[in-house]
Amino acid sequence: MPGSLVIYDFQMGRAREGPENFLREFGGRLQSDGYAAYGKIGGPSLLHFGCWAHVRRKFMDASKLDPKNVLCVLVVAAIGKLYDIERQAREEKLTHSEREAMRARECPALLAALKALITETGVGVLPKSALGKACAYALNQWERVERYAGTGHGMVEIDNNWAENAMRGIALGRKNWIQIGSESSGPKIAAILSVLETCKRLKINAREYLLDVLPQLAYRETRPELRDLKPVADLTPAAWLLARPAPTQ
C-alpha cells in the first residue's frame, strides 16, 4: 500500500538540523515549499519536487494588493490551467501512469508559456514588491515545480497540500499544546499523531484499530506467554487494514 504511511517528527525549532537528520539517508522523492532548510538535505539520490500551491499563493496575495495588474491575474489563471489537468485526472480516476501520460500531453506547452509570462512579469516590477517576490520565488523554484510533470513521476502531486492539511489540526491546537511538559514528550506525541493521521488517510476507524492493537502490544510486556502473537510489524495501520476481511456486498 505505497504512499499510505504518515510520520511526524518532533523538533524544538525549524532549523535545518531537524529535517537534515530525519532525512539524512532518504533517497526517494521529497516535495516541499521553498523554505531554505529543505534546500540541501537527504541522500545523494534524493529528488526534490516543488509545490505549485505555494507559487500560486504568492501571486494571489500580490493580486489582492494590486487587483488591476493584468499580468498578475494572467499568471494566476495560467497556474489554474495546470490544476484543471489534475482535477480532470481525479474525476476520471486515472492511474499514476495514466495521469503521467495526460501531463506529458498537456503540461509542457502550458509550463513553457507560464515561465515566459512570469519572466516577463518580473522584468517590469520592483524586486521587493509582492509581485516581484512572487516572480523571483517561482523562477528560483522552477526546476522543482515543473518536475512533477516529468517522466516517471505520475505518483507525485502538483503540490504538497495533503501534507499541510495533515498538519492543520496541530497548527490549530498549538496554543493549547504549548506546554508539552518536557522536550522528551515531543517524540511521543509525534508517534501518536503519526498513527492517527495514517488511520485517517487509510480511512480506518482509529478507535476500532486501537482497541484491537493496543491490548496486543500490552500483552508483550505483561503476558510473556502470549508473545507468539502477531509480529509488531503486522500491527501497523496499513498491515492491519490488509488483514481485515473484505466487506460483504
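I started with the second largest pocket, which has 15 lining residues; Val195, Tyr209, Leu217, Leu235 and Pro237 lie nearest its centre. I noted that the model is predicted.

Next I looked up the space in the second largest pocket. The volume is about 210 Å³.

Which helix gives the largest share of the lining of the second largest pocket? I found α9, with 5 residues. Both α8 (185–201) and α9 (206–222) supply at least two residues of that lining.

I then sorted the lining by residue type. I got 12 nonpolar residues, 3 polar ones and no charged ones.

I turned to α8. This helix has 17 residues and spans 24 Å from its first C-alpha to its last, close to the 24 Å expected at 1.5 Å a residue. I listed the buried residues of α8: Ser185, Gly186, Ala190, Ser194, Glu197, Thr198 and Cys199. Just after α8, I came to Lys203, which has a positive phi of about 60°.

In soluble globular proteins, nonpolar side chains tend to be buried together. The largest nonpolar core here holds 33 residues, and Trp52, Phe59, Leu114 and Tyr148 have the most contacts inside it. I traced at least two of this core's residues to each of α2 (52–65), α3 (70–91), α4 (96–123), α5 (130–140) and α6 (142–145). The most come from α3, with 8 residues. Apart from this core I found another, of 8 residues, including Ile204, Tyr209, Val213 and Trp240.

Last, I checked Tyr148. Leaving aside neighbours within four places in sequence, I found Tyr148 in contact with residues including Phe49, Trp52, Leu82, Arg103 and His153.

Key: Residues numbered from 1 in each chain as written. Predicted model: local features only at pLDDT ≥ 70, side-chain atom pairs only at ≥ 80, totals over all residues. Heavy atoms only, no water. 1 Å grid on protein atoms, 1.4 Å probe; cavity = no way out; pocket = protein on both sides within 12 Å on 5 of 7 lines; lining within 4 Å. Points joined across faces, edges and corners; volume = space filled by probe spheres on them. Helix = DSSP H or I, 4+ residues; strand = E, 2+ residues; numbered from the N terminus. Nonpolar A, V, L, I, M, F, W, Y, C, P; charged D, E, K, R; others polar. Expected span 1.5 Å × (residues − 1). Buried < 20%, exposed > 50% of the residue type's maximum accessible area, 1.4 Å probe, protein only. Core = buried A, V, L, I, M, F, W, Y, C linked by side-chain atoms within 4.5 Å. Contact = heavy atoms within 4.5 Å.
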